[in-house]
Each structure stands twice: as C-alpha cells, then as structure tokens.
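Here is a short briefing to read alongside the model. Please keep the sequence and the 3D view open as you go through the topics.

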Amino acid sequence: MSGERNLFNHEFVRNWTNGPLLVRNDNGYFLREKDINPLAISNRYTVWDEHNQQVTFIDSETRTEETLTPTAALEGNVEVAIADGAKISCQTAFSSFKDMLANYDPENVSRITGVSVASIEAAASLIAGAKKIAYHSWSGVAQHTNATQTERAIATLYALTGCFDQEGCNRIYASHPVNVVNSPTLMPKSQWDKALGLEERPIGPPSQGWVHSQDIWHSVLEGTPYKIRGLIGFGANILLSQSDTSLGQQALEALEFYAHVDLFETPTSKYADILLPVNTAWEREGLRTGFESSAAAQDHIQLRKKMVSPRGESRSDLEIVFDLACRLGMNEAFFDGNIEAAWNYQLEPLGLTVEMLRNKPEGYDIPLEHKVRKYAFRDPNSGYLAGFNTETKRAEFYSEILHRYGYNPLPEYVQPQEYQRNDPDYPLMLTSVKSGFFCHSQHRSLTSLRKKAPYPTVDISAALADEEGIKTGDWVEIETRAGLARFRAKVEAKLSHETVIAEFGWWQACPDFGKPSYPVKGEYSSNYNSLISGDSYDRLC
C-alpha cells in the first residue's frame with residue numbers, strides 16, 4: 001500500500017539503498033562494469049540514467065558523494081548490451097522489491113496475519129508519516145523457519161523511511177576502544193572452520209561462533225560431521241530452552257563427559273558428571289565498559305563491587321574458565337589465570353586500571369563522540385564515505401550474497417513449515433511468550449515472584465474456550481506431533497481463534513510457597529520446548 005502511494009523516503013532510497021542498482025534478470029546478480037567491459041580495471045555497480053538512456057557506473061567502495069545522480073532510475077526494466085554484444089534484460093533492485101510486495105496487498109496480509117485490513121492500513125499510514133521509527137529487537141520473530149527473511153522485512157522499514165542511526169531511531173552508539181580478550185576470532189582459522197553447521201550454513205550463525213542445538217545433538221549421537229565426546233555448560237538449561245527435549249536427553253546421556261556450571265541443580269545439570277557451583281553477580285566483581293541503553297550510559301565505565309563473600313566453594317564463571325584454560329596449557333592467552341590482569345589489559349587504552357575503578361565505585365564517564373548517520377561519515381584520510389556494512393555499502397532491499405548461496409535475495413514471506421503440514425489433528429497455531437516476572441527458565445523458586453505468577457499458563461481465545469468448555473484457571477493439555485504438556489488456561493477475549501500462546505521455562509519448584517516442580521517430559525510436564533521439534537528451521541540460520 002505504501003509503495004502504491006509512494007509513501008517512502010525517495011531521497012534515502014535513491015541515495016543510501018541499493019534500490020537503484022541494476023539486477024540481471026538472467027542470473028539474478030547485479031550488473032557490473034566487467035559484464036559490459038571485461039578489460040575494465042574496476043568492477044563498479046550500474047544504474048540506468050533515464051536522462052541519457054544509458055548505463056552509468058557507481059562506485060560504492062570509493063564513494064565521495066552522498067547524493068546519487070537524480071536521473072538514475074529507481075524503478076523499471078531496461079535492456080543493456082554486454083561484452084559479447086548480446087542484450088540482457090535488467091531491472092532495478094527496487095523494482096524487484098516492489099514486484100514482490102504486489103503479493104501482499106492489505107487483504108492478503110490480513111489473511112496471513114489475522115490482523116484486520118483497517119489496522120494494517122492504519123499502521124502503514126502511521127509508519128509512513130513518522131519522522132522517527134525504532135524497532136524493539138529480541139522479540140522472538142526470528143524463531144521460526146522464515147526467521148532471516150522476517151528480520152530482513154522489518155529492517156527494510158529503515159530503508160524505506162531512512163529512520164536509522166538518528167535521534168529517536170535505532171542507534172549504533174560509539175564504543176570505547178578497549179582491548180578485546182574474548183573474541184572468537186582469536187581462534188586459529190583451522191579451529192574456526194570446525195564450527196558445527198558451518199558447511200550447511202556458511203553465512204549463518206556458525207560463521208559468527210553460534211552453534212545450533214540440533215547440530216550438537218546429531219554430532220553426539222551420530223558423529224556428524226565429527227563426534228562430540230565432552231561438553232561444558234555454563235548455566236545453559238538447554239532441555240528447557242531448546243527444541244527436541246527427548247533428543248537432547250539422549251545426547252546428554254551419550255556424552256562421555258559432561259560438566260555443568262550453575263547456581264542450582266537443573267533438569268539439564270542432572271545429566272552432568274560434575275556439577276560446579278557458580279556464584280551470583282553479587283558475590284563477585286564485574287567490569288563493564290559502556291552500557292548501550294543510551295549515549296550517556298555508553299560513556300560509563302564501572303567495576304561492580306562484590307556485595308557479599310562467595311558462599312561455600314562457589315567460584316565465578318571467569319575463575320573457572322581461566323583456571324581450566326591454564327590447566328590446559330593456555331597460560332599466556334589467559335594472563336596466567338589472573339582476571340584482574342586481563343581487565344587491566346582491556347582498560348589499558350583508556351588509561352584506567354581496576355584499582356582506579358575500585359577506588360571510585362560510582363565509575364568514570366569518558367565522553368564518546370556519538371555521531372548520527374555514521375554511514376555518511378567521511379573518512380578523514382581517504383575522503384570516502386563509510387556507507388553501510390553490506391557488500392554494496394548500501395541498505396539492501398535485494399541481497400546478492402543470499403542469492404549466491406541459494407537463498408531468496410528478497411525478504412519474502414514463506415508460511416512456517418510446521419503450519420504447512422496442514423494436519424487436521426493439529427489445527428491450532430502454537431507460539432510462546434516469556435513471562436515478565438522470570439528470566440527464561442530461572443527464578444520460579446523465588447516466593448516473591450512465584451506469588452505473582454504461580455502456574456504455567458496458556459492464552460486461548462474466548463471462542464476456543466467456549467468450543468472446548470474451558471474456563472480461566474483450568475488445567476489443559478497441549479499436544480503436538482513432538483509431545484504433550486499441560487498449562488493453566490487464561491481466556492483472552494481478543495485473541496484470534498486459532499492462536500494458542502504458552503509460556504516456556506517451567507520446571508522449578510518453590511517449596512516456600514508450596515508449589516511443585518515439573519518434569520521436562522512426560523506426564524505433568526509443563527515444558528513448552530518438549531512440544532517443539534527442531535527438524536524444521538530456517539536453513540540459513
């Protein structure tokens with residue numbers, strides 16, 4: 001709708017996105033300078049000059065001007081002569097994006113989402129008319145089979161509106177130039193190349209050091225691509241936080257050695273050969289350089305004091321890691337086990353030390369220069385504009401790197417694979433919600449919090465409640481092809497009929513409040529993730 005009405009920021013789309021770049025219709029790649037002249041020294045991107053009716057080359061790496069030529073076509077199809085004399089059909093990346101959007105008129109979007117046409121149109125008008133837009137991330141939209149494209153679709157709002165890295169919008173703040181001691185890139189490439197899932201998802205999370213639980217389970221149980229024999233877990237209650245609970249249980253049982261570090265015994269830690277007690281944040285010091293929530297907070301550097309002495313034989317995560325590393329012969333990389341020495345190394349560029357921070361517990365404010373629109377910042381040495389952290393140096397409607405790896409270059413909606421099964425035995429749509437009283441699978445043992453949320457709950461619509469004879473407070477069972485779990489019903493009048501929203505993270509007892517624990521699997525389980533299979537997931541991430 002906004003595209004039809006041209007309710008987008010034409011200036012930003014033209015100057016700072018890859019919308020004007022020409023895409024070859026024969027192979028889906030950007031038309032480049034060497035396609036036209038193989039002997040060219042450079043290989044610039046191309047746009048179509050509507051005034052001169054010819055291709056114009058633009059250089060993203062050595063860009064010096066903010067504005068693109070105003071005669072560059074933002075939309076349209078053209079024919080371009082290439083090196084062998086043939087003519088190929090091309091269209092702008094923005095045209096590709098708009099063609100995809102034609103499938104999503106308000107009526108179709110309403111059918112997909114269950115949101116009324118009137119609400120969709122009102123939201124579109126609100127966004128189109130806003131001068132400032134911010135997106136709250138970590139909202140869970142990335143946890144299904146179309147995760148990457150869903151996140152990309154949301155990100156295109158920045159490209160359509162220009163509302164990025166400006167006051168009142170999502171910002172990337174400057175950060176203090178501290179020495180890095182914990183980057184995965186410190187590992188040798190030969191070790192990095194062993195990351196589970198890297199071969200299948202070379203531009204996904206494995207390339208950033210993140211491992212998929214499914215890859216761990218299959219490596220342990222099947223030895224693919226190699227066999228994991230041992231595991232150390234730091235507070236990761238993976239049987240409650242990851243899918244395929246049964247598969248996870250099998251894998252933990254099959255490990256030759258498993259050590260777990262945690263505050264409490266959890267369903268996951270019960271499989272450990274060794275359970276090491278970790279202490280809480282209040283029993284140890286903690287260093288933070290920048291707090292991210294605002295520009296002023298990002299300036300702040302503080303050493304959190306230890307409030308009480310550690311209980312029993314508990315140690316901090318860092319103490320355990322540093323000690324283990326030294327016992328494995330990595331003394332030099334881990335400062336001979338001296339955490340304070342590591343912190344001092346981090347702080348060195350700032351002229352601070354741990355001792356200075358201890359003597360000033362309120363911390364230091366070291367002002368940073370928080371610029372807006374950093375993509376338009378000109379490097380003082382080269383004179384080139386910074387651009388965006390993409391291959392085209394522009395916000396991307398069309399991703400050539402995704403296309404190269406066999407993915408859709410456009411953020412198109414694809415129905416979740418689980419929903420596509422269309423199994424009449426499972427006609428409802430299940431999703432999860434995180435309780436605001438607890439942190440993931442923690443804290444349900446605290447009486448003050450458990451009194452506010454004593455039971456695992458599931459939200460269902462009033463219409464569904466009437467059909468099934470369910471009242472608020474009734475225990476109900478949810479069954480999926482993966483498992484069975486029970487929750488107490490909350491009837492929500494405005495919830496759509498087919499949507500069921502259950503809480504995750506339930507297992508912990510609260511003896512002081514008389515509330516029992518729940519098994520992670522089987523009868524009386526309230527473990528949401530025992531209902532979820534991991535065999536359908538976004539193949540990119």
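Helices (H or I, at least four residues) and strands (E, at least two) are DSSP runs, numbered from the N terminus. This is a predicted model, in which local features need pLDDT of at least 70 and side-chain atom pairs count only at pLDDT 80 or more, while totals for chains, interfaces and linings use all residues. Residues are numbered from 1 along each chain as its sequence is written, and side-chain values use heavy atoms, with hydrogens and water left out. Throughout, buried means under 20% relative accessible area, exposed over 50%, and partly exposed in between (1.4 Å probe, protein chains only).

**Annotated domains**

UniProt positions are given in the numbering used here, with feature names shortened, and the annotations may be inferred rather than shown by experiment.

- An unreviewed UniProt entry places "domain: Molybdopterin oxidoreductase" at residues 131–325. Over residues 131–325 the chain is 29% helix and 12% strand, and the end C-alpha atoms lie 51 Å apart.

- S4 and strand S5 (residues 87–92) run antiparallel and are joined by five bridges; two strands pair if DSSP finds at least two bridges between them.
- Opposite Val78 stands Cys90 in S5, and Cys90 counts as buried at 0% relative accessibility.
- The hairpin has five residues between the strands, and Gly85 takes a positive phi near 90° in this hairpin.

- Which residues of helix H10 (residues 245–254) are buried? They are Thr245, Gly248, Gln249, Ala251 and Leu252. These residues cover an arc of only 165° around the axis, which puts them on the same side of H10; the arc is that of the directions from the helix axis to the C-beta atoms.
- The cover over the buried residues of H10 includes helix H8 (213–222), strand S6 (230–234), helix H9 (238–241) and strand S7 (257–262), where contact means heavy atoms within 4.5 Å.
- Asp244 is found in the loop between H9 and H10. Although Asp244 is not a glycine, its phi is positive, at about 55°, and at 17% relative accessibility Asp244 counts as buried.
- A cis peptide bond joins Thr224 and Pro225, with omega about -5°. Pro225 sits in the loop between H8 and S6.

**Salt bridges**

- Side chains of opposite charge can pair when their charged atoms come close. The rule used here asks for a side-chain nitrogen of Lys or Arg within 4 Å of a carboxyl oxygen of Asp or Glu, and by this rule the count comes to 23 salt bridges.
- Arg171 pairs with Asp165, the closest N and O atoms being 3.6 Å apart, and both Arg171 and Asp165 are buried. A network of salt bridges links Asp165, Glu167, Arg171 and Lys374.
- Asp317 forms a salt bridge with Arg284, with 3.7 Å between the closest N and O atoms. The pair links distant parts of the chain, 33 residues apart: Asp317 is in helix H12 (residues 317–327), and Arg284 is in the loop between strand S8 (274–277) and strand S9 (286–289). Asp317 is partly exposed at 27% relative accessible area, and Arg284 is partly exposed at 22%.
- Glu340 forms a salt bridge with Arg358, their closest N and O atoms being 2.9 Å apart. This pair also links distant parts of the chain, with Glu340 in helix H13 (residues 339–347) and Arg358 in helix H14 (residues 354–359), 18 residues apart. Glu340 is partly exposed at 29% relative accessible area, and Arg358 is partly exposed at 30%.

**Cysteines and one further loop**

- How many disulfides does a search of the whole structure find? The search finds zero, a disulfide being a pair of cysteine sulfur atoms within 2.5 Å.
- Cys326 is buried, with a relative accessible area of 16%.
- Lys393 lies in the loop between strand S11 (364–365) and helix H15 (400–404). Phi of Lys393 is near 65°, a positive value in a residue other than glycine, and Lys393 is partly exposed at 23% relative accessible area.
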